[in-house]
Amino acid sequence: MSKRTYNKPPKSFQDQLQQLKDRNLTVDDDAKALAYLANISYYRLSAYFLPYQQTKDRFDDDTSFKQIIDTYSFDRELRLLVFDCIERIEVAIRTQFIYCMATHYNNSHWQDDKQLFIKPFYNKIGNLVDPFSDFQSIISRAKTARRPEVFIKHYTDQYNKPSNPPSWMCFELLTIGELSHIYRGLKDKNDKKRIAQQFDLHTTVFTSWLHSLTYVRNICAHHSRLWNKDLAVEPTRLLKPVGDWVSADFNNHNKRMFYFLSLLKYFLTRVNPNNRLKEKLIDLFNKYPNVPIKYMGIPSDGKGNLLNWQEEPLWKNN
């Protein structure tokens, strides 16, 4: 397909509102709608238009501006809920990662042992993959920062050997993406296995899920859409769960958001058994009853009726 020159002129907020009306969107309060356009932006809201348009650039009859804002608000609250869950899971993974490695090797500074990491290599796009050196660079930057973290400064002020702080301090410097990178960079499969087993997962699934946690965490941090989204980094399907999981109908939708929510629930059952994710989801769905949750990837029976996710083994018992 030949490419074209983009020549659409910018529109005023008033023109944007008129375009929405021209496209069959019901607007009950112009002033309120203009305020939303001025503070959220037409482009960000447009991500929520498509499910309400069976015909391109024309809203289905009786679709209102309030429906779009409700969907946007639903998505925003969903992101906050997911972000909170990921934080809890990330802290638990970080803790078990450090504990398993430090106790197995009886070495508080195991991260400084190059032999525990894979050899550097160039990936398919020509970038050097060197987890050990990457981690050492992160530590070095933290030590030489003009305003180092308090715990880093305390260590360097008090100790001169080893030159780096212990692993439980160094891991506090890592983002979840860097944590995922370091995990993939461990050389011994048994090291990976010991960590993954703390969460009742095979290393392959754990690696994939950690990558997906990183991806979705970044979506949340950048205020992007979760509702009605195909995950670009889809989590590997869990085929041999330990304990309760979802049935095959749900397990086949791993590109969609509800599968990721089930992933979160599986983790949380192990790191925070008294979690209230189910109750919080129900409250969110009830708060926005007109937002169609089918677009999150909850499967149907073939007749348009959504399957009851609350009766799935993973979600039913806690």
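**Reading burial and contacts in a predicted model**

Buried residues make up 43% of the 318 residues in the chain, and the model examined here is a predicted one.

User: What does the secondary structure of the chain come to, and what box do its C-alpha atoms fill?

Analyst: The chain's secondary structure comes to 14 helices and 2 strands, and along the principal axes its C-alpha atoms fill a box of roughly 70 × 45 × 40 Å. Among contacts between residues at least 6 apart in sequence, 66% join residues at least 24 apart.

User: Why does Arg 79 count as buried?

Analyst: A residue is called buried when its relative accessible area is under 20%. Arg 79 has a value of 6%, and therefore it counts as buried. Arg 79 is found in helix H4, which spans residues 65-105, and, not counting residues up to four places away in sequence, Arg 79 touches Tyr 48, Ile 219, Cys 220, His 223, Ser 224 and Leu 226. A polar atom of the Arg 79 side chain lies 3.2 Å from the backbone oxygen of Ser 224.

User: Is Thr 71 buried or exposed, and which backbone oxygen does its side chain reach?

Analyst: Thr 71, whose place is also in helix H4, is buried because its relative accessible area is 0%. The side chain of Thr 71 reaches the backbone oxygen of Gln 67 at 2.8 Å. Beyond residues up to four places away in sequence, Thr 71 touches Tyr 48, Tyr 52, Trp 227 and Val 291, and Tyr 48 is also touched by Arg 79.

User: Which residues are buried in helix H8, and what covers them?

Analyst: In helix H8, residues 176-184, the buried residues are Ile 176, Leu 179, Ser 180, His 181, Ile 182 and Tyr 183. What covers them includes H4, strand E2 (128-129) and the helices H5 (131-144), H9 (189-197) and H10 (203-221).

Technical notes. Residues are numbered from 1 along each chain as its sequence is written. This is a predicted model: local features need pLDDT of at least 70, side-chain atom pairs count only at pLDDT 80 or more; totals for chains, interfaces and linings use all residues. Side-chain values use heavy atoms; hydrogens and water are left out. Helices (H or I, at least four residues) and strands (E, at least two) are DSSP runs, numbered from the N terminus. Buried means under 20% relative accessible area, exposed over 50%, partly exposed in between (1.4 Å probe, protein chains only). Contact means heavy atoms within 4.5 Å. A polar contact is a pair of N or O atoms within 3.5 Å; within protein, one must be able to donate a hydrogen and the other to accept it, and residues adjacent in sequence count only if both atoms are side-chain atoms.
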